[in-house]
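Here are my notes on this model, written as numbered points. Have the structure open while you read.

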Amino acid sequence: MSYEIPNWLIILSGCGQIFTAIIYPYIRHQVFDWYNDVKKLKPLNQEIAKTYGRYIQGLNFSFGLIAILIPSDLKNNSNLAIALTGLIAAYWVGKVLTQIAYYPMYNIPKKTIFKIGSYFMNSLFTLFAMVYTLLLIQNLFF
């Protein structure tokens, strides 16, 4: 039995990833007060932290564009499709595992919007992890 992940689900995932890239600065600033914490670091460490923040934002945006623009290529069983879906799956599975393992130890502001937002974002991260893991499996075995 073979099942193919529909393009609409891949595109939806791509839109979600672009959303995470766009909302990322707001979350850092409003939810985590990240910029004030970064100011406490030495100048070089400030730049490193900002650079890695931009990498995360850029990867989320790029993964989203790939999903939106070439969803069929992500499931064509080519070596590139396997490599790319494997990379993106590892990225999002790692994000979800990090979220589960480390983030519950920290308190986010108690405002209702942030609580709802955290459930929404965690649901998106889980969706991304599932979609790309299923794409990888589909590329490897079907």
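**Helix packing and the main pocket**

1. Start with H1 and H3, whose axes come within 7 Å and cross at roughly 160°. Axes here are lines fitted to C-alpha atoms, for helices over the stretch in contact, with angles from 0 to 180 degrees between N-to-C directions. H1 and H3 are therefore roughly antiparallel, a label for angles over 145 degrees. Their crossing is left-handed, meaning that the near helix is turned anticlockwise from the far one by less than a right angle.

2. Before going further: this is a predicted model, where local features need pLDDT of at least 70, side-chain atom pairs count only at pLDDT 80 or more, and totals for chains, interfaces and linings use all residues. Residues are numbered from 1 along each chain as its sequence is written, and side-chain values use heavy atoms, with hydrogens and water left out.

3. Overall, the protein has five helices and zero strands; helices (H or I, at least four residues) and strands (E, at least two) are DSSP runs, numbered from the N terminus. The C-alpha trace spans about 55 × 35 × 25 Å along its principal axes.

4. Which residues does H1 bring to H3? Among them are Ile-10, Gly-14, Ile-18, Ala-21 and Arg-28, and the H3 side includes Gly-53, Gln-57, Phe-61 and Ile-68. Contact means heavy atoms within 4.5 Å. Ala, Val, Leu, Ile, Met, Phe, Trp, Tyr, Cys and Pro count as nonpolar, Asp, Glu, Lys and Arg as charged, and the others, Gly among them, as polar.

5. Now H4 and H5: their axes come within 8 Å and cross at roughly 150°, again in a left-handed crossing. The contact of H4 with H5 divides into 14 nonpolar, seven polar and one charged.

6. The largest pocket holds about 1200 Å³ of space. On a 1 Å grid over the protein atoms alone, a pocket is an open set of points where a 1.4 Å probe fits, with protein on both sides within 12 Å along at least five of seven lines; lining residues have an atom within 4 Å of a point. The volume is the space filled by probe spheres set on the points, which are joined across faces, edges and corners. Of its 37 lining residues, Ile-27, Phe-32, Gln-99, Tyr-103 and Ile-108 are closest to the centre. H5 gives the largest share of the lining, 10 residues.

Conventions: Parallel < 35°, antiparallel > 145°, perpendicular 65-115°, else oblique.
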